[in-house]
Amino acid sequence: MHFDLRTAAAVCSTALAVGLVGAVPAAATPSPRASATAAPKPPARMSTVGGERLGLPGVQVQPGPGAPALPAKLSALSWIVSDTATGQVLAAQNPHWALPPASTLKTLFADTVLPKIPTRAVHKVTDADLAGMGEGSSLVGVLPGQTYKVSDLWLGVFLRSGNDAVHVLASMNGGVAATVAQMQAQAARLGANDTHVVSPDGYDMPGQVSSAYDLSLFARDGLKNADFARYAGTWKAEFPGGPNTKGKPFEIDNTDRMLMGIDGVPRYDGLIGVKNGYTTNAGNTLVVAARRGDRTIMATVMNPQDRELNAVYAEARELLDWGFAADGRVTPVGSLDGAAAVPSTAPKAGTAGDSVSAPSRAARVSVGASGSSGLGAVGWAGASGAGLVAVAVAAGGGLVLMRRRRYAAKRRRQALPRV
């Protein structure tokens with residue numbers, strides 16, 4: 001795992017607040033450049049759900065008069081830009097490539113479970129509720145024997161990507177196996193056929209995959225739910241404390257840098273969420289939406305090969321900028337509403353058509369990682385120890401409509417009311 005001093009300190013602080021004991025690994029020294037291994041190649045043919053062009057490898061875009069050029073230096077293996085109101089896919093690259101989703105899969109978990117458990121319900125956590133979490137899981141600090149409101153657990157899911165909160169909610173929903181089956185059924189209802197769910201929290205598991213197209217479906221569906229929207233956009237909140245806080249709550253902040261406007265990532269104008277994540281196999285993943293006037297544009301980015309610290313945010317920002325400028329000036333290449341909504345504009349096999357390959361930036365900084373989860377370029381942190389489970393702080397996602405306030409350099413922020 002890769003750690004910087006500030007992240008390690010934050011992990012220790014959180015561990016003390018929740019009353020868990022863990023050893024923070026020594027900081028790894030990143031190499032100046034990532035490994036020179038060749039980037040993975042997409043399948044020659046992928047699903048055509050949403051339109052034939054979405055099943056072709058490479059960038060798909062059909063510009064019209066006055067349309068801006070796509071960003072020239074996108075390194076993500078897969079991405080998609082869409083208009084959430086119309087469902088139109090404005091441009092995409094390998095959107096049906098089934099890849100590990102990391103914690104962006106929690107959007108499907110929320111779509112599935114949020115409507116099933118009243119937010120005002122309370123639950124006393126047991127050891128069994130927390131069983132089965134993967135080593136190094138990201139945690140918000142849920143403790144057995146303590147009673148939590150469901151709304152607090154959802155804040156832990158969205159702000160800190162707490163796998164402990166996910167497992168407790170899954171237990172309340174009939175168990176992990178039942179929740180996984182319900183998530184798979186929900187994916188099928190949404191037409192998300194690239195998704196295979198193994199664990200409800202997005203932890204790296206053999207066979208667990210999703211796609212930029214499917215993640216966009218989950219986010220679009222979630223944004224229709226006021227609870228999803230509120231949790232996903234909360235900047236900071238108080239979470240019930242443990243023994244070392246004498247029962248007093250402690251602060252949890254949203255780890256989505258693009259939402260918060262921190263750590264070298266400016267807050268994006270009109271941003272309304274949705275979720276970010278990182279695991280060893282998935283790399284950085286991000287689903288983000290922004291609203292300007294009556295338009296909401298969404299960009300989903302999976303596994304940038306550029307290993308700069310904030311590459312996933314930089315590429316998402318460029319795609320959102322392009323989406324707002326291009327909306328109405330490009331012919332959609334697909335639809336989030338299914339294949340029937342889009343006429344075929346796929347270039348014939350063996351011709352370039354409007355399918356192009358986006359150049360990749362040279363990888364510059366390696367993200368040191370071992371195991372299935374750790375500190376990624378979006379700010380995940382983990383700590384292994386002899387406690388109940390490994391202590392970790394993970395990236396969350398965000399969305400609540402509130403006054404747009406840029407955080408000052410010293411991160412002076414005004415807390416939102418608890419929900």
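Figure 1. Of the 419 residues in the chain, 56% count as buried. The model shown here and in the views that follow is a predicted one. The chain contains 9 helices and 14 strands. Among contacts with a separation of 6 or more, 72% are between residues 24 or more positions apart.

**Figure 2. The largest nonpolar core.** This core has 61 residues. The members that touch the most other members are Phe 109, Val 142, Trp 154, Phe 158, Leu 169 and Ile 252. Helix α3, residues 150-160, supplies the largest share of the core, with 7 residues. Another core, of 31 residues, lies apart from it, and its members include Met 260, Leu 320, Ala 326 and Val 330.

**Figure 3. The surroundings of Ile 252.** Which residues are in contact with Ile 252, once its neighbours within four places in sequence are left aside? They are Val 140, Leu 155, Gly 156, Leu 159, Arg 160, Trp 235, Lys 236, Ala 237 and Phe 239. Ile 252 is one of the residues that touch the most other members of the largest nonpolar core.

**Figure 4. Helix α3.** Helix α3 is mostly covered, with 11 of its 11 residues buried. The buried residues include Val 150, Leu 153, Trp 154, Leu 155, Val 157, Phe 158 and Leu 159. Ser 151, Asp 152 and Arg 160 are also among the buried residues of α3. The helix is followed by Ser 161, which has a positive phi, near 50°.

Figure 5. Ser 161 sits in the loop between α3 and α4 (163-172). Is Ser 161 buried or exposed? Its relative accessibility is 0%, so Ser 161 counts as buried. The side chain of Ser 161 makes a polar contact of 3.3 Å with the side chain of Ser 103. A polar contact of 2.5 Å links the side chain of Ser 161 to the side chain of Lys 275.

**Figure 6. Asp 201, a buried residue with no salt bridge.** Asp 201 is found in the loop between α5 (176-190) and α6 (212-222). Asp 201 is buried, yet it has no salt bridge. The nearest side chain of opposite charge belongs to Lys 106, 5.6 Å away. The side chain of Asp 201 does make a polar contact, of 3.5 Å, with the side chain of Asn 163. Leaving aside neighbours within four places in sequence, the residues in contact with Asp 201 are Ser 103, Lys 106, Asn 163, Val 166 and His 167.

**Figure 7. The salt bridge between Asp 337 and Arg 220.** The structure holds 5 salt bridges. In one of them, the side chains of Asp 337 and Arg 220 meet at 2.8 Å, N to O. Asp 337 lies in the loop between β11 (334-335) and β12 (355-356), whereas Arg 220 is in helix α6, so the pair ties together parts that are 117 residues apart in sequence. Arg 220 counts as buried because its relative accessibility is 12%.

**Figure 8. The salt bridge between Asp 263 and Arg 257.** The side chains of Asp 263 and Arg 257 meet in a salt bridge of 3.6 Å, N to O. Asp 263 has 25% relative accessibility and therefore counts as partly exposed. Arg 257 has 8% relative accessibility and therefore counts as buried.

**Figure 9. The salt bridge between Asp 327 and Arg 295.** The side chains of Asp 327 and Arg 295 also form a salt bridge, at 3.8 Å, N to O. Asp 327 lies in the loop between α9 and β11 and Arg 295 in strand β10, so this pair ties together parts that are 32 residues apart in sequence. At 13% relative accessibility, Asp 327 counts as buried. Arg 295, at 27%, counts as partly exposed.

**Figure 10. Helix α9 and what covers it.** Helix α9 has 16 residues, 311-326. From its first C-alpha to its last, α9 reaches 22 Å, close to the 22 Å expected at 1.5 Å a residue. Its buried residues include Ala 311, Val 312, Tyr 313, Glu 315, Leu 319, Leu 320, Trp 322 and Phe 324. Among the elements that cover these buried residues are the strands β2 (76-83), β3 (88-93), β8 (271-279), β9 (283-292) and β10 (295-304). Helix α8 (257-260) is also part of the cover. Just after α9, Gly 328 takes a positive phi of about 90°.

Key
Residues are numbered from 1 along each chain as its sequence is written. This is a predicted model: local features need pLDDT of at least 70, side-chain atom pairs count only at pLDDT 80 or more; totals for chains, interfaces and linings use all residues. Side-chain values use heavy atoms; hydrogens and water are left out. A nonpolar core is a set of buried Ala, Val, Leu, Ile, Met, Phe, Trp, Tyr and Cys residues joined through side-chain atoms within 4.5 Å. Buried means under 20% relative accessible area, exposed over 50%, partly exposed in between (1.4 Å probe, protein chains only). Helices (H or I, at least four residues) and strands (E, at least two) are DSSP runs, numbered from the N terminus. Contact means heavy atoms within 4.5 Å. Lys and Arg count as positive and Asp and Glu as negative; His and the chain ends are not counted. A salt bridge is a side-chain nitrogen of Lys or Arg within 4 Å of a carboxyl oxygen of Asp or Glu. A polar contact is a pair of N or O atoms within 3.5 Å; within protein, one must be able to donate a hydrogen and the other to accept it, and residues adjacent in sequence count only if both atoms are side-chain atoms. The expected span of a helix is 1.5 Å times one less than its number of residues.
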